[in-house]
Number of protein chains: 2
Amino acid sequence: VTDVWIAGAGMTRFGRRDENLPDLMAEAALAALTDAGIERPDALVVAAMNPEEFTGEGNYGSLIATRLGLSLVPALRVETATSSGVAAVYAAFASVAAGLHRSVLVVGGEKMTHLPTPRVSEIIGRSIDPHERTYGTTMPALAGLIARAAMHSRGLTLREMSQVSVKNHDNAARNPFAHFRERVTLEAVMESRLVADPLRLYHCCPISDGGAALVVTAERRSVRIAGIGQGGDSIAVRYRTDLTTFRATQTAAQAAYRMAGFGAERVEVAEIHDAFTPFELISLEDTGLVPPGKAGRATLDGETAMGGRLPINPSGGLKARGHPLAATGISQLVELCWQLRGTATGRQVPARVGLAQSIGGLATNNWVTLLEVRR
Amino acid sequence: VTDVWIAGAGMTRFGRRDENLPDLMAEAALAALTDAGIERPDALVVAAMNPEEFTGEGNYGSLIATRLGLSLVPALRVETATSSGVAAVYAAFASVAAGLHRSVLVVGGEKMTHLPTPRVSEIIGRSIDPHERTYGTTMPALAGLIARAAMHSRGLTLREMSQVSVKNHDNAARNPFAHFRERVTLEAVMESRLVADPLRLYHCCPISDGGAALVVTAERRSVRIAGIGQGGDSIAVRYRTDLTTFRATQTAAQAAYRMAGFGAERVEVAEIHDAFTPFELISLEDTGLVPPGKAGRATLDGETAMGGRLPINPSGGLKARGHPLAATGISQLVELCWQLRGTATGRQVPARVGLAQSIGGLATNNWVTLLEVRR
């Protein structure tokens, strides 16, 4: 198998954006192509979770290829709910690893803030098991259920979940691409409006617009995709044996470490899918970055803060950088790429190996990716 | 690059079906897995063009994996409008060729007949350029434009386009999986209701439900994917230099022949994307199977009929086997697989090499695949 490298990385500022989705994707794609020094990639992979319902347009592979002036370049769209961005990176990785293409542009994005929140919630909710949805289940409701179960069986505390939010807002304050740049206090988080018991507003990521892009290549560059792994789990949450760990993340992490030939011990920075802040704590343990039962304590002790033993979500995470669905998984890798190259101005972490973890649906389709710098 | 083989093939009967989309996909997938003698593939790739709007459900990778009892198996969804099925085969091909997986189940399908036709047309129409859609453009309208242009500049006749329909209905009459089993006369085609001048009802494929599946593998089997190629073109039809050939097919065919190491001269049977019957004639020339300007004559002369020099669409094609969007590209390969293995009972063609051609959108994202039997 050919080694696969990241030649270019780019993203838009996340947040409320007036541009349409093709324009957001184009902004990110052109930034990545410019960074790569490549004008015309051999192929294009587009990630969008549900552009038809969010934007009224479809055929996004061809739409974005045309928007980029690359209409003759073969283009695929890949989707795995909220982890679609990484799934697209995987498709590009496989094409390059198989020798089918030399360079592939991956671009993902979502545009949602122009719609009323209940409509956004309905569209995102299509990734929940149909039977469970007949009871009015939403993503925050399921996340609340999981948080409550973790409080009960694993001793997770509200203070720990809240500290994740404080930390990630702190980080985002230093990231010009972040949706939120304001710091928040522990008290503000714990006193924010209840969304789905025990989760409050500041435990939940916002609805964001944005795009992110990578160029992957068979040519040697500084940052290598050392491992990429995917894991699945039942779309029906009620069929799971344990609500408080995500088997899909554990499987994905094992696959990524196996491909990379190293384990969690070499990871020095990570981007974790904190769509709801308890998910950061669960995911730190599922990926083996923190021993079982220790993620809450590690967070309160500042181990996962900037300057700590293992900085988590230097970008601000989904919580504060924002979560434009299919852009998110790619934006995690953009951040890691910048961190590993030493160009994450204002929020630089010393690291040679970074890990990104992305959750699709309610942890039905998760990914772990390992990037490594070779100097 | 590892050779990639087809281990199993299966499909549902196409037509008006009462089952929901997951059940149709499961029927096809289980047929393919049984044919392959594989219970648990390493990965799953799902193709559906727009299941969110057609069926109200999303997260189809995880949904179908769970439906199949394969919820722990990594699952992707791939989409390229109406060619999504082949795009999913390509994603599986790349994974196997790269050595990332040994066996991958590909399943595609669509469920549309439960919706009113104008709603189906609206959903399919999202694959048309947004600007062109503001003028009320639909797929049949664009196909009519192209047919008229071909009549004007290439001498294509209504009789030729109509004979494609007669031939494909003849073939479907022998295919138990086909939507339509009735033969039609040339007169009936030419006198059928006008849809989009010059196209009449019997020049257009129906709205069909159905599923189709393949298992691809790195293990040697009888049928090999010898080549697979993709081509793109502007989503905006107004930007094309020529309306009467599809550059995306030409590019895809060149890529597929290059990968296979042989050309059109070795192809003995083909499945062609005849969503509108003039597209069969255009595509025969774009793939090099018939010399430029000769496809109409060849059709009238019976060269492309069963027993002719080069049987085209022994399955009945999109016109008569039916066109459940993301199932279609896979079903073409299922048919070719059966033909090459010699198990296409009642409609068997003698062939060692087959070609499938699939059109995404209004020829914005096309594919050509070559299968070869190795005895």
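Modeller: Helices and strands are taken here as DSSP runs, numbered from the N terminus; a helix is a run of H or I with at least four residues, and a strand is a run of E with at least two. The model is predicted. The relative accessibility of T113(A) is 14%, so T113(A) counts as buried, the cut-off being under 20%. Its side chain makes a polar contact of 3.4 Å with the side chain of K111(A). If neighbours within four places in sequence are set aside, T113(A) is in contact with G15(A), R16(A) and R17(A), and also with I207(A), S208(A) and D209(A).

The interface itself may now be considered. The size of an interface is often given as the accessible area lost when the parts come together. For chain A and chain B the buried area is about 3,900 Å², and carbon and sulfur atoms give 53% of that area. In terms of residues, 48 of chain A are in contact with 48 of chain B.

Polar and charged pairings come next. Four salt bridges are found by the rule across the interface of chain A and chain B. A salt bridge joins the side chains of R77(A) and E79(B), at 2.9 Å from N to O. Between chain A and chain B, 28 residue pairs are in polar contact, with both residues at pLDDT 80 or more.

The elements that build the side of chain A touching chain B can be listed. At least two residues each are supplied by the helices α2 (51-55), α3 (60-67), α4 (84-97), α6 (130-133) and α10 (247-260) of chain A, and by the strands β3 (75-79), β8 (223-232) and β11 (365-373) of chain A. The greatest contribution is that of α4(A), with six residues. By residue class, this side of chain A divides into 22 nonpolar, 17 polar and nine charged residues.

One of these elements also pairs across the interface. Strand β3(A) is joined by three bridges to strand β3 (residues 75-79) of chain B, and the two strands run antiparallel. In this pairing V78(A) stands opposite V78(B) in β3(B).

Some details of the backbone complete the account. In chain A, the peptide bond from D197(A) to P198(A) is cis, with omega near 5°; P198(A) belongs to the loop between β5 (194-196) and β6 (199-200) of chain A. In chain B, the bond from D197(B) to P198(B) is likewise cis, with omega near 5°, and P198(B) is in the loop between β5 (194-196) and β6 (199-200) of chain B.

Positive phi angles also deserve mention. N313(A) is not a glycine, yet its phi is positive, at about 60°. N313(A) is located in the loop between α12 (295-300) and α13 (317-320) of chain A, and N313(A) is buried, its relative accessible area being 0%. In chain B, L325(B), which is not a glycine either, has a positive phi of about 30°. L325(B) lies in the loop between α13 (317-320) and α14 (328-341) of chain B. L325(B) has a relative accessible area of 2% and is therefore buried.

Key: Residues are numbered from 1 along each chain as its sequence is written. Chains are lettered from A and ligands numbered from 1 in the order in which they are written. This is a predicted model: local features need pLDDT of at least 70, side-chain atom pairs count only at pLDDT 80 or more; totals for chains, interfaces and linings use all residues. Side-chain values use heavy atoms; hydrogens and water are left out. Contact means heavy atoms within 4.5 Å. Buried area is the accessible area (1.4 Å probe) that two parts lose on being put together, summed over both. A polar contact is a pair of N or O atoms within 3.5 Å; within protein, one must be able to donate a hydrogen and the other to accept it, and residues adjacent in sequence count only if both atoms are side-chain atoms. Ala, Val, Leu, Ile, Met, Phe, Trp, Tyr, Cys and Pro count as nonpolar, Asp, Glu, Lys and Arg as charged, and the others, Gly among them, as polar. Two strands pair if DSSP finds at least two bridges between them. Buried means under 20% relative accessible area, exposed over 50%, partly exposed in between (1.4 Å probe, protein chains only).
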